[in-house]
Every structure is written in structure tokens, then in C-alpha cells.
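Here is a friendly briefing to read alongside the structure.

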Amino acid sequence: MKQLIFDSDFKNLIARPLNWTNSVEIPANVQKYIQNISNSTVIYDENLKKYYCPLCLKELNKDNCCPKCLKKYNIRGNNANKVWWEIDNIKDLKYENFYSYFDVLDGEVILYIVHEDISYNSPYISIPYRISKLKINNAFHILNKGIVDLINNKYYSYEEINNKVKKDEDSFEYSLVGDYIFNNYLYTDNLEELKNTIYRYTKIWEAKNYLKKNYVGILDLIYTPIYFKGFEYLMNLKFYTLAFNKAYLINYEDKVKQLFKDQDYVKFMIKNKFKYNDLEAALICKTYDKDLLKFMTYSIERLKKIINMTNINIKKLKDYFAKNKYKNYLLIEYYDYIRFASTLGLNLKDKNILFPKDLLAEHNKLQLEFQILKEPNMASKIEELANKLAINTYEDEKYIIKAAPTLESLIDESRQQDNCVRTYCKAYSNNELQIYLMRQRKDVNKSFVTIEVRNGKVVQARCKYNKLPNENIKNVLKKFEGALKIVD
Ligand SMILES: [Zn+2]
């Protein structure tokens, strides 16, 4: 049985055996490379900010050594796998990595992506048994005018890819690979083999040291080098951070050309490791001020929309944030604020509107008006429902849990907790779900845990910044859940 694919000119069909991926073996040197990375990548608990030995699951000591196996780890750069759970609490610790490697066969280039699944038989016994499963996730045959997904036998022309990534780069990469890849390592020991292939002008082997130390996206390997016209230019400059970070999104417009004509600024960009986002920031405002660049890149998409709506001076906005000691992430709230103000017809040329004295208070005020404008009945529906849900109020000596009483309370909770409970406003007002607020008796006005209930079950409970509650709180939640009554 043979499967048909197109040749490199996309004119003739050529055959290859069906189900060939089952017979493709990951080369021994690549396997060794994967094992080496996998075994030396520590586990980082983002909640507790602690590092663990991936082999023994013991917390590393001050010298980044494992107290059990004594292995010393380097925890900088890419050498940590982030996990969200507390190591002690989880029964099944699992995480994954991606690796890719080029294979050159008769001058043809294939990029393989390997998926590694890591699990432990039991994190509780003294020597956990670590299981690493490897499988070839994707194989892409790279041709002159496009790529062939060898596993699904699908062809994508570079033009088609270009149109798709310009619309939404992330969703295309996801549809191509079938997974969000945040941490892809490239095997670099055989890059020189690409010299006599379609990659001959790309010189990507010259970036070997960079690629060894940095994650690299899939499209940055199979699409940018072949199709993006500026790639060789960036490689000649040794501007690797940009060449391998979504350079394909760069449009050859006058502003970009202008930026690259300024040699001092090009040096500045290379020295400061500009990626595509930084370049976009520089296109909005060409500056040597690193703080201003950082401010702009926090959410460049929102910033662009803010500029579209207001014509605001970025430096003034940055000064406003600095003066009020607002952190960069408040740019998200600022964007929402401007959006509400615009919808409500406020004068966005007025300095008092552009730079309110208390951003969050104004944001909440306008959001309330905005919600009421969109759904005039929402506020009263929430209050009615909350009255009925009062039968589910839970109290013990330390905690009180009760249904969010008003639309305002939801908005306030969402601001205090920095979570997205406000998006549930409508569903809550229609009783599709219920939002309860858990508070500590010692400070009942301060947000503590936000609880989402559906069909009488707690489906989500989040502390500030969407963190998960600890065991103690979970036990209280179980009691609360046990007594829940469903209200129609
Ligand atoms: Zn160890």
C-alpha cells in the first residue's frame, strides 16, 4: 500500500508507504539529546516559586543541588519546566516537552517534531519512577513553494500560510501542529547538513549557538527561512532574536525600511534582543528608552487599539502610569476603560478622561454603565437571583460564603482578584451558573476566593490571579458544596 504525495515542484505525484510514521525511529543521537535535556530540566512550581529535581522530585537546595541524588542543576533560561500545581498536593504529576530535528534525505528536508510525555509512577515513594514517552508528533517535508504535512498528507503553500498567519498566527500554528508549543527545543548538531538543501541560502547553521539556548517556534523553522524575504538579511546582521521570533509577521512597509536604515538603532535592537513585539513597539514609537519599550510590549495589540481610538501620546501615557505607580499589566484595564468611555460617548480628547485620577474606580464606574447600557435588566436580575440564593449562604468561625449580591460586587470582585469573573455577569444574571464570594470574617470586604457553581457543584474556585486554593480551603468548599440547594 502506497500513499501519494506531490513532488517538490508540486507538479507530479510521488508515492511513499502508508503508515510510515510507525516505522520512523527517532535517531539514537537525537534520543540521547532529548534525554539529556529532559533529565536536566528542573520542575518549577509557579505557586510556591520552588525548584525540584526532575528525577527525585526533591526541592533543590540553595546551590541548586538535589539533596537526594546530588545532581547540580542550572535553573536559568529555558532550564525549568513550569508547573502550576503544588508538588506535594498532586497525585499525578505530568508535563510535556517538544523537540524538533531536521532530517536530510537525498537533499530533501524533513522537520520532525517529537512530543515527550513525562509522568511519575508515584511521587510519594522515596524514589519516584520517572517515565518519559516519546512519539513523533509531526513531520513536515519542506519544499520550494510550500510544505507537506506527511502525517496527514496535507499540502500548504507558503502563500496560503502567509495569508493565514497574517490573520492569526497562533491559531494557524496550532492547527498545523495540533498543539500549542511553548517550549520547542531544536536539535542543532546536524544543522550543517542543510548546506546542500533548500536551506542553502538561509545559513541557519550559523545561528547554532543561539538555537541551542533558545526555544524556537515551528513556523520560524519551516516557513520564515524559506519564504520570508528579510530572513537572510537578519541572519547577516546576526539578528537571531528577530529572525527566529515571528519575523514572518514583518511587513515591508516604509516604516520598517526607515527603522532599518538607522544603523545605530539597528545596533540597539540587536543588542537588546528585539523580538517581533519589540519591533512593533519601535514602529509605534522609535525610542532608546527601554522602560518605554517594555511598557509598549506588555500588550501591543491593545496599545494599537488604544492609539486608534484616542491618538494618545505614548510617552504621556507611560508618564501617567509612572506617576500613579500603576504596573504595566493595568494597561489591560486602561484599554477596557477607553473602550467603555468610547462606547459611552465620552470625549476622548479631554485630558481628564484620558488620564483619570483613579483609573480603577473610573474603570469600574464606566464598566457598570457599559453593562447596563448593553443589558438594562442585568443588574436587577442579579439582585433577584442573589436574594433567592441566600439560602445557600455558608458561615463558620473563619469564613463566610454567599452569592454575589449585585453586578457591582461582581465587577469589584473581578478587579480585586484580577480574574475574569466579570465575563460571567450575563450567565449569572440568567442563572446558568452562580457566583459565590468566599470572604474571611476578619476582613469581609476583601476578596478571598471566587467560586463558580453549576448544577449544584463547585466547578471553579480561584484566589487572586487565578491561583488555586489550598487544601484547607478546599475542605471548606466541600462542606459548602454538600449543602448547596439548586434554585430555579
Ligand atoms: Zn535528584
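This is a predicted model: local features need pLDDT of at least 70, side-chain atom pairs count only at pLDDT 80 or more; totals for chains, interfaces and linings use all residues.

**Overall picture**

- Taken along the principal axes, the C-alpha atoms of the chain fill a box of roughly 75 × 60 × 50 Å.
- If you look at contacts between residues at least 6 apart in sequence, 56% of them join residues at least 24 apart.

**Domains and the contact between two of them**

- Domain 2 and domain 3 touch each other: 6 residues of domain 2 are in contact with 8 residues of domain 3.
- On the domain 2 side of that contact, the residues divide into 3 nonpolar and 3 polar, with no charged residues.

**A helix pair: α11 and α12**

- Helix α11 covers residues 276–284 and helix α12 covers residues 290–297.
- The two helices pack at an angle of about 110°, and their axes are 9 Å apart.
- An angle from 65 to 115 degrees counts as roughly perpendicular, which means that α11 is roughly perpendicular to α12.
- From α11, the residues Asn277, Asp278, Ala281 and Ile284 take part in the contact, and they meet Leu293, Met296 and Thr297 of α12.
- By residue type, this contact divides into 4 nonpolar, 2 polar and 1 charged.

- Strand β9 (residues 146–149) and strand β10 (residues 154–157) run antiparallel and are joined by 4 bridges.
- Asp149 stands opposite Lys154 in β10.
- The two strands form a hairpin, with 4 residues between them.
- Asn153 sits in the loop between β9 and β10, and its phi is near 50°, a positive value in a residue other than glycine.
- Is Asn153 buried or partly exposed? Asn153 is partly exposed, because 13 other C-beta atoms lie within 10 Å, and a count between the cut-offs of 12 or fewer for exposed and 20 or more for buried gives that label.

- A hairpin through 3 residues joins β12 to β13, and 2 bridges link β12 to strand β13 (residues 399–403).
- The partners across this pair can be named: Tyr394 has Ile401 in β13 as its bridge partner, while Glu395 stands opposite Ile400 in β13.
- Moving on through the sheet, β13 and strand β14 (residues 434–440) run antiparallel, with 5 bridges between them.
- Ala403 has Tyr436 in β14 as its bridge partner.

**Two more residues to look up**

- Tyr95 is found in strand β6 (residues 94–105).
- Tyr95 is partly exposed, since 16 other C-beta atoms lie within 10 Å.
- Tyr95 and Ser119 are 24 residues apart in sequence, and their C-alpha atoms are 6.8 Å apart in space.
- Asn311 is found in the loop between α13 (300–310) and α14 (314–323).
- Phi of Asn311 is near 60°, a positive value in a residue other than glycine.
- Asn311 counts as exposed because Asn311 has 10 C-beta neighbours inside 10 Å, and the cut-off for exposed is 12 or fewer.

Note on methods: Residues are numbered from 1 along each chain as its sequence is written. Two residues are in contact if their C-beta atoms, placed from the backbone, lie within 7 Å. Ala, Val, Leu, Ile, Met, Phe, Trp, Tyr, Cys and Pro count as nonpolar, Asp, Glu, Lys and Arg as charged, and the others, Gly among them, as polar. Axes are lines fitted to C-alpha atoms, for helices over the stretch in contact, and angles run from 0 to 180 degrees between N-to-C directions. Angles under 35 degrees count as roughly parallel, over 145 as roughly antiparallel, 65 to 115 as roughly perpendicular and the rest as oblique. Two strands pair if DSSP finds at least two bridges between them.
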